[in-house]
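Me: I should like to understand how the terms used for a protein structure follow from its values. May I put some questions to you?

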Amino acid sequence: MENLNLTGMSLHELERFAESLGEKKFRGRQLFSWIYEKRANSFSEMTNLAKPLREKLERDAAVGHLELVEKTESKQSGTHKFLFKLKDEHLVESVYIPDEDRRTLCISSQVGCALNCAFCATAKLKFKRNLDTGEIVDQVLFVERDLGIELTNIVFMGMGEPFMNYENVIHAAHLINHPDGIGIGTRHIVISTAGVVKNIYRYADEGHKYRLAVSLNSPYDDERQSIMPVAKKWNMEELINAVRYYTKRSKQMLTFEYVLFDGLNDSAEHASALKKLVSPLNCKLNLIPYNSVLDQFKRPSAKRMELFMQQLHPLNAPVSVRWSKGDDISAACGQLAGKYKKSG
């Protein structure tokens, strides 16, 4: 039988685990500190635990879920893409993005994805399974150990739809945020969704303080449905109502992400409709030039993007262009899963 893996367990769970071994509760707090604060990768590193306890842990438990298959570095930007193998041989990817004083990790929440967005490489894998809490958190721990850094920002924007793995994603975010553990602040953790409306309401009602981003990609319902099938289940009106509820309930600003495709959603008419749609909302707008994945979509020219930006003004919301880094190693937005080789 496979040993119990402690990576992904909460402080309370580790305290109960310690007690189940006949140990005092504080041993669980020590385990929590070693795994998350000190990023220990083996029980032998946990030097304030008695040797008999460490031997027992080596025999009956485990830490870490990931095996590194490949690490690729972009010569252009210093971005690193990590390809990990899970215990069941499935593969997932994480992307480290350095930017001046920000050290961001884009992490995955699922193996594959069920939403089938037309422009995304991960969608072509179809859905395999959800990652558990430990598999999500271990991406952070592994990359920090491997690169010898402390991350400043986490974005749930890798493989999968985070709000289709809601409980595990929220539990992972709590562990990443815990002040006695990894310790990344709530405003430096972003959870992205393609528009799973029922869980936007749930997220608002539960009062989470992590930043929320929603992939919009068109102001027109029929067009959005053609490239993002999730919009057939929850149409634009339902999505905007959920966003409005979230911003009022949480008192937080939401980020809309808008991928720009040449000749599809980048016209002056699109800009005007987008401005009308988002202006009443407490939001900011990230424009993302499309990163090459499929031949049917192309990035607009710089001139066309500039005209789109001009048409948005004046807009009662901050607007920025987010140039994805790592497209030279297939690590940019929408490109993850390019090295996936496991057969279905």
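Me: Which residues in α1 meet residues in α2?

Reply: In this predicted model, Leu11, Leu14, Glu15, Phe17, Ala18 and Glu19 are the residues of α1 that meet α2. On the side of α2, they face Lys25, Arg27, Gly28, Arg29, Leu31, Phe32, Ile35 and Tyr36. Sorted by class, the contact of α1 with α2 has eight nonpolar, one polar and five charged residues.

Me: How do you know that the length of helix α4 agrees with its number of residues?

Reply: Helix α4 (residues 133-147) has 15 residues, which at 1.5 Å a residue should span 21 Å. The end C-alpha atoms of α4 are 22 Å apart, so the two values agree.

Me: What makes α4 largely enclosed by the rest of the structure?

Reply: A residue is buried if its relative accessible area is under 20%. Twelve of the 15 residues of α4 are buried, and therefore the helix is largely enclosed by the rest of the structure. Among these buried residues are Thr133, Ile136, Val140, Phe142 and Glu144.

Me: Why is Glu100 called exposed?

Reply: The cut-off for exposed is over 50% relative accessible area. Glu100 has 79%, and so Glu100 is exposed. This residue is found in the loop between β5 (91-99) and β6 (102-106).

Me: What is the phi of Glu100?

Reply: Most residues other than glycine have a negative phi. Glu100 is not a glycine, yet its phi is positive, at about 55°.

Me: How do you know whether Lys251 is buried or exposed?

Reply: The relative accessible area of Lys251 is 69%, so Lys251 is exposed. Lys251 lies in the loop between α9 (236-250) and β12 (254-260), and its phi is also positive, near 60°.

Me: Which residues does a cis peptide bond join?

Reply: Most peptide bonds are trans. The bond between His313 and Pro314 is cis, with omega about -5°. Pro314 lies in the loop between α11 (302-312) and β14 (319-321).

Conventions. Residues are numbered from 1 along each chain as its sequence is written. This is a predicted model: local features need pLDDT of at least 70, side-chain atom pairs count only at pLDDT 80 or more; totals for chains, interfaces and linings use all residues. Side-chain values use heavy atoms; hydrogens and water are left out. Contact means heavy atoms within 4.5 Å. Helices (H or I, at least four residues) and strands (E, at least two) are DSSP runs, numbered from the N terminus. Ala, Val, Leu, Ile, Met, Phe, Trp, Tyr, Cys and Pro count as nonpolar, Asp, Glu, Lys and Arg as charged, and the others, Gly among them, as polar. The expected span of a helix is 1.5 Å times one less than its number of residues. Buried means under 20% relative accessible area, exposed over 50%, partly exposed in between (1.4 Å probe, protein chains only).
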